Amino acid sequence: MSALSAAHALGTDEPWVTGMPANLTDLLRYPPFHPNAAGMKATAVAVAEHLAKH
């Protein structure tokens, strides 16, 4: 996944992880540096493709 997600790091145009929330009271609702929806989908697709080949 690291090679697949390299172009989607924090600070890129389409990150696959969340950053720090603007309001620190949102830390529990929006944990920083966790996969966002796009990152979760990309991971699921990569796992499914890998399993289909093996």
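The following conversation goes through a predicted model of one protein chain.

Trainee: Before we start, what kind of model is this, and which residues count?
Mentor: This is a predicted model, in which local features need pLDDT of at least 70 and side-chain atom pairs count only at pLDDT 80 or more, while totals for chains, interfaces and linings use all residues. Residues are numbered from 1 along each chain as its sequence is written, and side-chain values use heavy atoms, with hydrogens and water left out.

Trainee: How many helices and strands does the protein chain have?
Mentor: The protein chain has 2 helices and 0 strands. Helices (H or I, at least four residues) and strands (E, at least two) are DSSP runs, numbered from the N terminus.

Trainee: Is the chain spread out or compact?
Mentor: It is more spread out than a compact globule, because its radius of gyration is 13 Å, well over the 10 Å that the globule rule gives for 54 residues. The radius is taken over C-alpha atoms, and the rule is 2.2 Å times the number of residues to the power 0.38. Along the principal axes, the C-alpha trace spans about 45 × 20 × 15 Å.

Trainee: What share of the residues is buried?
Mentor: Of the 54 residues, 11% count as buried. Buried means under 20% relative accessible area, exposed over 50%, and partly exposed in between (1.4 Å probe, protein chains only).

Trainee: On to Trp-16. Buried or exposed?
Mentor: Trp-16 is buried, as its relative accessible area is 13%. Trp-16 is found in the loop between helix 1 and helix 2.

Trainee: What does Trp-16 touch?
Mentor: Leaving out residues up to four places away in sequence, Trp-16 touches a set that includes Met-1, Leu-4, His-8, His-34, Pro-35 and Ala-42. Contact means heavy atoms within 4.5 Å.

Trainee: And His-8, where does that sit?
Mentor: His-8 lies in the loop between helix 1 and helix 2. With 18% relative accessibility, His-8 counts as buried. Apart from neighbours within four places in sequence, His-8 is in contact with Glu-14, Pro-15, Trp-16 and Val-17.

Trainee: What about Pro-35, which residues does that one touch?
Mentor: Pro-35 touches Trp-16, Val-17 and Met-40, not counting residues up to four places away in sequence. Pro-35 counts as partly exposed, because its relative accessibility is 45%.

Trainee: Changing topic: which residues make the nonpolar surface patch?
Mentor: Leu-10, Met-20, Leu-24, Leu-27 and Phe-33 make a nonpolar surface patch of about 490 Å². Like charges are joined within 9 Å, and nonpolar side chains (Val, Leu, Ile, Met, Phe, Trp, Tyr) within 5 Å. Accessible areas come from the Shrake-Rupley method with a 1.4 Å probe, and for residues only the protein chains shown count as cover.

Trainee: How exposed are Leu-10 and Phe-33?
Mentor: Leu-10 is partly exposed at 43%, whereas Phe-33 counts as exposed at 52% relative accessibility.

Trainee: What is the phi of Phe-33?
Mentor: Phe-33 has a positive phi of about 65°, although it is not a glycine. Phe-33 lies in the loop between helix 1 (2–5) and helix 2 (37–53).

Trainee: Last one: where is Ala-48?
Mentor: Ala-48 has its place in helix 2. Ala-48 and Met-1 are 47 residues apart in sequence and 13 Å apart in space, C-alpha to C-alpha.

Technical notes: Patch = residues over 30% accessible without salt bridge, like charges linked within 9 Å, V, L, I, M, F, W, Y side chains within 5 Å. Salt bridge = Lys/Arg side-chain N within 4 Å of Asp/Glu carboxyl O.
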